[in-house]
Amino acid sequence: MEKEFIKLFELFIAASIINNFVFTRFLGLCIFFGVSKKMETAIGMGITFTSVMVIAAALSWLMFTYVMVPFDLTFLKIVIFIGIVAAFVQAADTIMRKVSPGLYYKLGVYLALISTNCIIIAVPLINAEEHYNFLESLAFGLGSGIGFAISMTIMASIREKLELADVPGPFRGMPIAWITTALIALAFTGFAGLITL
Amino acid sequence: MSNEDRISNWQLIKNGIFKENTIFRLVISLCPSIAVTNSVKNGFLLGVAVLFVQTMVNTTVAIFRKFIHPKIRIPIFMLIISGWVTVVDMVMAAYARAAYKEIGLYIQIIVAFASILARAEMFASKNRVCNAFFDGLGSGLGFLLALVLISFFRELLGRGSLWGFHIVQAKPMLIFILPAGGFLAVGLLMAFFNWIDMRFYGGKGAGGASGH
């Protein structure tokens, strides 16, 4: 039991820091660059993404194990996973609007952006590829989400300062953000090999 | 087809390659621009996959545009995209096994590319099949060229080779193969294009400044 728990913890750390989605797997870059201009939005996005990722991981694991594998439909995994994610996001959007308008007002904007995001569809795909069990899938989804939130917060805090800096003309806007990310990614390279799964 | 049509098709292609280049001007669908560009071969293969998917999706959407109800168009576009991505995924898995091991995940991720959905939504659902085909071709080619350009610099500087052939004897700069080097290379190239825009065309160098 304890060994199992340690394995899950290792998976969580590996997904959130060592194989950080943004800095070593390069997923979700569109959102990462688009929404990391302000701290508040970055945190909102991080929370929304983490919760959607965990639930999407759970739903797609159930679907994969109990429907797709028995009926030999694994070749349709791209179609089915994107369907699950899109349907779930749509449902969450509707439910949130009815049940908690305050929360919807804060996070609803991000929900709309989620269904066409590579990071959300990547979690079920990697889970299926690596044959994780249910708890491992959850740990992986949670770790990836938190890793994404961490990277968004780091980037937002740097970019808020960057607004005041005197950047050379051609580098203004996106290019300097990319180069900043390069330096953060270089720092994250230091985590490589911390845990070998 | 009249002469006028042909000119506009050519313009559609050029527009996709230069003015609305997915990576350098619109700054969307960035994930693969770093993930697969550590060698020219991988960059090229993913570029071809995107080119194929973009063209076929645009054509399919344009063919069925009169039958797709506007209220449920997004889910239908997603279905069409994921169908074509599955085709590419299976072909690559069968014929390019070695490369597929490295870039397989990113080929499956094409399904979530904002650029493909955006093209289907903004152009293909409103235009004739022929125009939609060329628009997809142009936008896909722009993507392919951007990937090849980035991977050209990264492989040359980071490994001293091109398409796997060793050509530079000096010690390579390892950082360009590392993840960090990818961000650095794209940032520098983007700044370079902004500089050209500002210096020679009098633009504001806004490439990517407004993008997301």
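**Helix packing and chain contacts**

Mentor: In this predicted model, helix α1 (residues 2-18) of chain A and helix α7 (residues 134-162) of chain A have axes that come within 7 Å and cross at roughly 30°.

Trainee: In which hand does α1(A) pass α7(A)?

Mentor: The crossing is right-handed.

Trainee: Which residues of α1(A) and α7(A) meet?

Mentor: From α1(A), they include Leu8(A), Leu11(A), Phe12(A) and Ile17(A), and their counterparts in α7(A) include Ala139(A), Phe140(A), Gly143(A) and Ile150(A). The residues of this contact divide into 12 nonpolar, four polar and one charged.

Trainee: Turning to the two chains, how many residues are in contact?

Mentor: Chain A has 32 residues in contact with 39 residues of chain B. On the side of chain A that touches chain B, α2 (29-35), α4, α6 and α8 (174-189) each supply at least two residues.

Trainee: Which of them gives the most?

Mentor: That is α8(A), with nine residues. By type, the side of chain A that touches chain B divides into 23 nonpolar residues, eight polar and one charged.

Trainee: And α6(B): where is its kink centred?

Mentor: The kink, of about 70°, is centred on Ile103(B), which is also one of the buried residues of α6(B).

Trainee: What do the buried residues of α6(B) pack against?

Mentor: They pack against α4 (77-99) and α6 (118-130) of chain A, and also against α3 (31-35), α4 (40-63) and α5 (73-95) of chain B.

Key:
Residues numbered from 1 in each chain as written. Chains lettered and ligands numbered in written order. Predicted model: local features only at pLDDT ≥ 70, side-chain atom pairs only at ≥ 80, totals over all residues. Bend = angle between axes of the 7 residues up to and from the residue. Helix = DSSP H or I, 4+ residues; strand = E, 2+ residues; numbered from the N terminus. Buried ≥ 20, exposed ≤ 12 C-beta atoms within 10 Å, placed from the backbone. Contact = placed C-beta atoms within 7 Å. Axes fitted to C-alpha atoms, helices over the stretch in contact; angles between N-to-C directions. Left-handed = near helix turned anticlockwise from the far one by under 90°. Nonpolar A, V, L, I, M, F, W, Y, C, P; charged D, E, K, R; others polar.
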